[in-house]
Amino acid sequence: MRNRLSGLILVPVGALAFSLVLLAQTVDQSGSAKVQNSASHPDLSGVWLVHAPAGASAYSSFAFSKDEPSMTPWAEAKYKTAKPAFGPNKKPAKDSNDPVYGCFPPGVPRIYLHPAPVEIIQLPSEVVMMFQYDRLVRHIYTDGRAHDEFLDPPLWMGDSIGKWEGDTLVVDVIGFNDRTWLDRIGHPHSEALHVVERLRRVDHDTLVDDITIEDPKAYAKPWTVQSTFQLRPGLEVNWEGVCEDEKLLGRQ
């Protein structure tokens with residue numbers, strides 16, 4: 001069983017970047033370092049910022065779609081207790097029971113709804129997503145390993161295993177705890193949550209992520225949503241952000 005760290009991952013960015021460079025290298029028999037060739041797959045590396053599609057601006061900052069998913073009675077009961085700070089049923093931040101206001105990670109796929117950049121670093125055996133939001137770091141392993149079936153405790157951001165299907169990175173995510181929302185308006189999920197992401201670079205400046213959400217305890221059927229990101233090479237990422245008293249700060 002792998003030892004996994006749940007919660008916030010606070011890593012000095014300089015040290016992390018240095019470690020990622022080391023991960024990208026192997027040592028041949030002569031002792032010299034060489035970089036493994038990953039040219040067979042599209043390179044997703046870069047600084048990306050979520051970009052709402054046309055016509056979605058009315059809800060894109062807090063939900064993936066204006067359409068309600070088909071919830072089970074269990075999920076409907078949970079949803080009615082949510083007190084979000086965004087959306088049609090929004091409450092003042094000081095009255096919200098949104099988990100992020102307790103300084104907990106937002107989870108997947110909700111992390112994509114927060115208007116902060118993400119830097120993607122693609123390595124031969126994994127894809128690393130470094131989020132400005134709370135300095136969260138997500139590892140998507142592409143080395144052929146299986147999911148850790150004995151995660152204890154379950155994870156805030158899930159256990160992510162990736163594989164390439166042509167030009168698309170398919171990411172299978174399980175192993176979640178049930179303490180996050182799927183979006184910023186309070187759609188719940190259980191520990192049975194299963195997320196599949198299909199990331200592809202449709203052009204040089206655009207990254208699309210088709211996200212399928214499956215949770216038989218919470219939803220009558222799987223549902224698919226989409227996030228779109230724009231490449232922002234000149235964007236300066238503020239890695240200093242940390243979680244403080246959310247309700248006083250009026251967290252975005």
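Modeller: Along the sequence the chain runs α-β-β-β-α-β-β-β-β-β-β-β-β-α. That comes to 3 helices and 11 strands, taken as DSSP runs (helices H or I, at least four residues; strands E, at least two) and numbered from the N terminus. The model is predicted, with local features needing pLDDT of at least 70, side-chain atom pairs pLDDT 80 or more, and totals for chains, interfaces and linings using all residues. Residues are numbered from 1 along each chain, and side-chain values use heavy atoms, without hydrogens and water.

Colleague: Why is the pair of Phe104 and Trp156 called stacked?

Modeller: Rings of Phe, Tyr and Trp (its six-membered ring) pair if their centres lie within 6.5 Å; planes under 30 degrees apart count as stacked, over 60 as edge-to-face, the rest as tilted. Phe104 and Trp156 show 4.8 Å centre to centre and 15° between the planes, so they are a stacked pair.

Colleague: What does the pair of Phe104 and Trp156 tie together?

Modeller: Phe104 lies in the loop between α2 (73–81) and β4 (118–122), Trp156 in the loop between β6 (137–141) and β7 (159–165), so the pair ties together parts 52 residues apart in sequence.

Colleague: Why does Trp156 count as buried, and why does Phe104 count as partly exposed?

Modeller: Buried means under 20% relative accessible area, exposed over 50%, partly exposed in between (1.4 Å probe, protein chains only). Trp156 has 8%, so it is buried. Phe104 has 30%, so it is partly exposed.

Colleague: How do you know that the charged end of Arg179 sits over the ring of Phe104?

Modeller: The test is NZ of Lys or CZ of Arg within 6 Å of the ring centre and within 35 degrees of the ring normal. The charged end of Arg179 meets it, 4.8 Å from the centre of the Phe104 ring.
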